[in-house]
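Have the structure open while you read.

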Amino acid sequence: MKRLMITTAFAMTAFGAQAQEIGVAMAQFDNNFLTILRQGIEEAGHAEGVTLQFEDAQNDVPRQLSQIQNFISSGVDAIIVVAVDSDAITQMDKMANDAGIPIVNINREPPNVESLGPLEAFVGSREVDAGTIQATEACRLVKEKIGNGAANGVILAGDLFIQAGRVRTETVQDFVKTPGCDFVKIEDMQVADWSRSKASDLVSNWLTAGLTPDVIFANNDEMAIGAAQALKAAMVDPEDVVVAGIDATPDALMALKAGDIDLTVFQDAAGQGRKGLEVAAAMARGEELAERAVYIPFELVTPENVDDYLAR
């Protein structure tokens with residue numbers, strides 16, 4: 001079991017109390033987006049003067065459930081979760097609730113987000129916005145390329161057991177039926193599990209089978225980069241295919257600047273991490289929350305504004 005302990009300076013109150021201890025259960029450490037999110041938690045943890053214990057579930061649900069139980073047994077003051085599987089969130093929330101420990105889900109939205117209990121909170125972004133922003137700009141770019149003709153597209157989906165994968169995929173599928181994009185026909189959708197290498201293999205297979213899409217909608221940047229790599233390896237002119245990602249990771253911003261992908265959608269991973277930690281620390285102190293679900297907006301990133309995001 002991978003474990004990362006971070007102990008900040010003990011913040012002393014007027015009563016000399018020690019810092020709170022917060023357990024952080026991450027779906028995985030080996031993920032570019034989640035690394036940035038974890039760094040946001042760490043940054044806010046230092047500012048709040050709390051002790052953080054990180055656990056890596058390595059994308060294994062039973063492992064993450066065991067980690068939650070270990071946090072409860074050790075008597076942490078609050079728990080933060082980036083869930084492996086959206087379906088497991090309800091179980092983890094119940095475990096924490098039964099123990100009387102506040103729990104904050106970050107990034108992966110709980111099924112009961114509209115009716116969170118007094119010991120529950122969520123910090124993330126609205127995934128339908130990500131899919132809509134991505135599809136709107138990608139379709140605009142395709143329209144510029146093909147004029148009044150028809151276009152074909154493919155979708156590289158993340159894990160469909162995670163809300164982000166499902167909603168981003170469904171949003172694109174719905175958007176191409178609207179007047180703004182009904183000239184695009186989705187020829188195929190395949191799950192690439194957020195992976196650069198799996199996406200590259202899938203796009204290579206499509207190209208080998210004779211399918212060269214006009215647009216590739218990728219649920220995240222890693223898959224968009226993998227798609228671009230496959231197109232380059234097959235010597236497909238990047239001007240012929242619109243490649244769209246989501247998250248605006250550092251690698252994706254560089255790929256966008258280099259012209260390998262055409263757009264991404266900024267998801268503020270560090271901001272989600274910072275806010276999630278602030279909410280967890282407040283709940284651990286017994287403070288009332290102004291809102292239990294906090295949504296941080298997505299933002300379109302294009303070659304025209306990519307330098308603004310690289311400078312962040």
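Which way does α6 pass α7: in a left-handed or a right-handed crossing? The crossing of α6 past α7 is right-handed, meaning that the near helix is turned clockwise from the far one by less than a right angle.

## What you're looking at

This is a predicted model, where local features need pLDDT of at least 70, side-chain atom pairs count only at pLDDT 80 or more, and totals for chains, interfaces and linings use all residues. Residues are numbered from 1 along each chain as its sequence is written, and side-chain values use heavy atoms, with hydrogens and water left out.

The average pLDDT (the predictor's confidence in each residue, from 0 to 100) is 93 for the protein, and 94% of the residues score at least 70. Residues 6–17 have a pLDDT below 50, and this stretch has 21 contacts in the model beyond near neighbours in sequence; contact means heavy atoms within 4.5 Å. Where pLDDT is low, the predicted coordinates should not be read in detail.

## Overall build

The protein has 10 helices and 13 strands, which are DSSP runs (H or I of at least four residues for helices, E of at least two for strands) numbered from the N terminus. Its radius of gyration is 21 Å, close to the 20 Å that the globule rule gives for 312 residues, so the protein is as compact as a globular protein of that length. That radius is taken over C-alpha atoms, and the rule is 2.2 Å times the number of residues to the power 0.38. The C-alpha trace spans about 70 × 35 × 35 Å along its principal axes.

## α7 and its partners

Helix α6 (residues 196–208) and α7 have axes that come within 7 Å and cross at roughly 40°. Axes are lines fitted to C-alpha atoms, for helices over the stretch in contact, and angles run from 0 to 180 degrees between N-to-C directions. The pair is therefore oblique, as angles under 35 degrees count as roughly parallel, over 145 as roughly antiparallel, 65 to 115 as roughly perpendicular and the rest as oblique.

On α7 (residues 221–233), helix α8 (residues 250–258) packs at about 40°, with the axes 9 Å apart. Here the crossing is left-handed. D221, E222 and I225 of α7 meet D251, A252 and A255 of α8.

## α2 against α3

Helix α2 (residues 61–74) packs on helix α3 (residues 89–99) at an angle of about 10°, with axes 10 Å apart. These two are therefore roughly parallel.
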